[in-house]
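Here's a quick briefing on side-chain contacts, to read alongside the model. Have the viewer open as you go.

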Amino acid sequence: MKDNIKVKLMLDSLFIEQCKNPTVPTQIVKMIVQEESSKNPYAVNVNKDGKSFISFTPTNKNEAIKIAQSYINAGFSVDVGFMQLNSDNFASLNTTLEKAIEPCQNIFFASTVYYNFFKNTNKENPKIIRVKQSLSAYNTGSYELGFKNGYVAKYDKYFEDKYFRPILIKNLY
């Protein structure tokens, strides 16, 4: 059983490595996938007034597309897939809901959104601060609001020794 878990973790890492924006560390993507969708490739979250309104756990791509499209058509923004890519980003990424829900493309597009925030952080700040600011912006579009709403705090456990070795934090980018 223990060997099966190791193989699954290795496959998760290999899949992410193959799909992600190459400038974003695999560990960052793994954290976001775990926190955003609990590794559900078809997770759908509907937002209302900038906050989570209702979440769905579809079991297949077609069900996820149907749910997400119905809420988009009703004027809501939705977060989809492994990394909960927000539909407001589709146009700037030149993509569609159908492409954004594909697991590998979802990881690429969403990690690109994260990286675009990261590259605009102050390079003089410690990298861990830059990562946390980027997580805040990934969640809210603001480098500060994700700290206030508790989103960034959800990631603190990954920066503790038992989850994330400090040496890796030094070498994230």
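Start with a charge over a ring: Arg 130 lies over the face of Phe 118, 4.1 Å from the ring centre. To qualify, NZ of Lys or CZ of Arg has to be within 6 Å of the ring centre and within 35 degrees of the ring normal. Keep in mind that this is a predicted model, where local features need pLDDT of at least 70 and side-chain atom pairs count only at pLDDT 80 or more, while totals for chains, interfaces and linings use all residues. Residues are numbered from 1 along each chain as its sequence is written, and side-chain values use heavy atoms, with hydrogens and water left out.

**Aromatic pairs**

- Rings of Phe, Tyr and Trp (its six-membered ring) pair if their centres lie within 6.5 Å; planes under 30 degrees apart are stacked, over 60 edge-to-face, and the rest tilted.
- That rule gives nine aromatic pairs.
- One of them is Phe 56 with Tyr 71, a tilted pair with 5.7 Å between centres and 45° between planes.
- Phe 56 sits in strand S2 (residues 51-56) and Tyr 71 in helix H3 (residues 61-73), so the pair ties together parts 15 residues apart in sequence. Helices (H or I, at least four residues) and strands (E, at least two) are DSSP runs, numbered from the N terminus.
- Both partners are partly exposed: Phe 56 has 22% relative accessibility, and Tyr 71 has 21%. The cut-offs here are under 20% relative accessible area for buried, over 50% for exposed and partly exposed in between (1.4 Å probe, protein chains only).
- Ring pairs also link Phe 53, Phe 56, Tyr 71 and Phe 76 into a cluster.

**The disulfide**

- Searching the whole structure turns up one disulfide, defined as a pair of cysteine sulfur atoms within 2.5 Å.
- Cys 19 is joined to Cys 104, with S to S at 2.0 Å.
- The link is left-handed, at -115° about the S-S bond. It connects distant parts of the chain, with Cys 19 in helix H1 (residues 2-19) and Cys 104 in helix H5 (residues 103-118), 85 residues apart.
- Cys 19 is buried at 3% relative accessible area, whereas Cys 104 is partly exposed at 29%.

**The nonpolar core**

- The largest nonpolar core has 39 residues, and Val 80, Met 83, Tyr 114 and Leu 135 have the most contacts inside it. Such a core is a set of buried Ala, Val, Leu, Ile, Met, Phe, Trp, Tyr and Cys residues joined through side-chain atoms within 4.5 Å.
- Elements giving two or more residues include helix H2 (26-37), strand S1 (44-48) and helix H6 (127-140).
- H5 gives the most to this core, with six residues.
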